[in-house]
Amino acid sequence: MTGTAAGLVAGIVVGLIVVFFALRKLNDDGKAKTKYDERQKAVRGMAYTYGFWTILAANAAMLVISATAFDVAKLGPCLYFIPIFAGIVVQVSYSIFNDGYVGLNTNMKKYTIFMIIVTVFNIGVALTAFINGKMFTNGRLQGPFLNLLCGLLFFVVAVDLLIKQAMDGKEA
Amino acid sequence: MKNLRLKAARAGLDLSQDELAGLVGVSRQTISAIEKGDYNPTINLCIAICKALGKTLDELFWERAAENI
């Protein structure tokens, strides 16, 4: 195993451990598993379906773009992640607007603070890399662009939740 | 089709959607969706709602001929 691969695996393991403990803190009952009721589970099932098809469509779009307009190799490691992020945005947005995102045991106050921290951290890392000229190497996007994508993803989630909250407020 | 009998039974016990949701272990939005007729609950959830409101399945969930007109 090369040093890069070992670093990647270590990063993923550390990430999973952090998410596990973060979820325990974010849920009111102190459990890592978020609870959903039967309707929410059905909504989330549909959301995952739409997310799956979005990933497939985004990958196909990448192939078409690569063959016709733009050398997608310039996207570097982000090439693999852009379709995944597109799928996640669709899955999360569908869940939010159909009331399937916020679990029964989710503490929204803590979750909002967590989202703000993650967004600011990721955008901060991306901005620092951009200022230090590490966003691009030989015209190819580098890893820190993933931080920008992560930051944008959480920002989209926050905006979706605010819009949904406003819509619910009008209905009530 | 809206479930007005569920809404009336809940209001009769002076329960909010949020309070009923807490009693049966679902989200407030799920109770709202059932009352609006946007979601058909499983039999398990129907029974839980009936027990919470002290009603029978017939009283809350069985369609009456007059309601279909």
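**Exercise 1.** State how many helices and strands chain A has in this predicted model, and give their order.

*Solution.* Chain A holds 5 helices and 2 strands. Read from the N terminus, its elements follow the order α-α-α-α-β-β-α.

**Exercise 2.** Describe the extent of chain A and how much of chain A is buried.

*Solution.* Along the principal axes, the C-alpha trace of chain A spans about 55 × 35 × 30 Å. Chain A has 172 residues, and 20% of them count as buried. Next, take the contacts in chain A between residues at least 6 apart in sequence: 75% of these join residues at least 24 apart.

**Exercise 3.** Check the span of helix 1 of chain A against 1.5 Å a residue, then decide whether this helix lies largely in the open.

*Solution.* Helix 1 covers residues 3–26 of chain A, which is 24 residues. The expected span is 1.5 Å times one less than the number of residues. For helix 1 of chain A this gives 34 Å, and the end C-alpha atoms are 34 Å apart, so the two agree. Of the 24 residues, the number buried is 1, so helix 1 of chain A lies largely in the open.

**Exercise 4.** Which residues is B:Ala9 in contact with, leaving aside neighbours within four places in sequence?

*Solution.* B:Ala9 is in contact with B:Leu53, B:Lys55 and B:Leu60.

Methods. Residues numbered from 1 in each chain as written. Chains lettered and ligands numbered in written order. Predicted model: local features only at pLDDT ≥ 70, side-chain atom pairs only at ≥ 80, totals over all residues. Helix = DSSP H or I, 4+ residues; strand = E, 2+ residues; numbered from the N terminus. Buried ≥ 20, exposed ≤ 12 C-beta atoms within 10 Å, placed from the backbone. Contact = placed C-beta atoms within 7 Å.
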